[in-house]
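I opened this model to look up how its parts are arranged. My notes follow in the order in which I checked things.

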Amino acid sequence: MLLLIASLAFTAGKAQDTKTDTFKVWGNCGMCKRTIEKAAKAEGVEKAEWNKETKVFILVYNPAVTSNEKIQKAIAAAGYDTEKFTGDDKAYEKLPGCCQYERKKKDYQ
């Protein structure tokens, strides 16, 4: 019984340490989904899920360990544009043809 109480207390504490954010990530297909979600897997990330129809990414993470910005930068490094960051051009060019989505216009000002 004591173990059950300790386990529940740990689980409740862990849930309070997480934050959930959603943001857009551009991509096209199931291969994009795998690459985007893999890029987002980092220490402190509990859930990284991208919906190819809505382009909405759900991120559940521990803000004491990582941040929304770090995860979006990791996704951009894999070649995918996010709401805040433009995907790395070289990584984008290496994506399979089906994954090369219509990119956002760059602002060079």
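I first noted what a helix or a strand is here: helices (H or I, at least four residues) and strands (E, at least two) are DSSP runs, numbered from the N terminus. This is a predicted model, in which local features need pLDDT of at least 70 and side-chain atom pairs count only at pLDDT 80 or more, while totals for chains, interfaces and linings use all residues. Residues are numbered from 1 along each chain as its sequence is written, and side-chain values use heavy atoms, with hydrogens and water left out.

Entry: overview.
I found 4 helices and 3 strands in the protein. Along the sequence I read the pattern α-β-α-β-β-α-α. I looked up burial (buried means under 20% relative accessible area, exposed over 50%, partly exposed in between, with a 1.4 Å probe and protein chains only). Of the 109 residues, 31% count as buried. I then looked up contacts (heavy atoms within 4.5 Å). Among contacts between residues at least 6 apart in sequence, 47% join residues at least 24 apart.

Entry: the sheet.
I took two strands as paired if DSSP finds at least two bridges between them. The 3 strands form an open sheet in the order 1-3-2, with antiparallel pairing. Which strands stand at the edges? Strand 1 (19-24) and strand 2 (45-50) do; each has a single partner strand, so one side of each is left without a neighbour in the sheet. I noted that angles run from 0 to 180 degrees between N-to-C directions, and that axes are lines fitted to C-alpha atoms, for helices over the stretch in contact. Neighbouring strands are turned by 15 degrees against each other on average, direction ignored.

I counted 6 bridges joining strand 1 to strand 3, and Phe23 stands opposite Phe57 in strand 3. Strand 2 pairs with strand 3 (residues 56-61) over 5 bridges. Here Glu49 stands opposite Ile58, and Ala48 stands opposite Leu59. Helix 2 packs on the sheet and touches strand 2 and strand 3; its direction makes about 160 degrees with that of strand 2. Strand 2 and strand 3 form a hairpin with 5 residues between them. In the turn, Lys55 has a positive phi of about 65 degrees.

Entry: helix 2 and helix 3.
I found that helix 2 (residues 30-40) and helix 3 pack at an angle of about 135 degrees, with their axes 8 Å apart. Angles under 35 degrees count as roughly parallel, over 145 as roughly antiparallel, 65 to 115 as roughly perpendicular and the rest as oblique. Helix 2 and helix 3 are therefore oblique to each other. Ile36, Ala39 and Ala40 in helix 2 meet Ile71, Ala74 and Ile75 in helix 3.

Entry: Asp81.
I located Asp81 in the loop between helix 3 (68-77) and helix 4 (89-94). Is Asp81 buried or exposed? Asp81 is buried, because its relative accessible area is 0%. Not counting residues up to four places away in sequence, Asp81 touches Lys24, Val25, Trp26, Thr86, Gly87, Tyr101, Arg103 and Lys104.

Entry: Tyr92.
I found Tyr92 in helix 4. Tyr92 is buried, with a relative accessible area of 12%. Leaving aside neighbours within four places in sequence, Tyr92 is in contact with Gly79, Gln100, Tyr101 and Arg103. The C-alpha atoms of Tyr92 and Ala78 are separated by 7.2 Å, and these residues are 14 apart along the chain.
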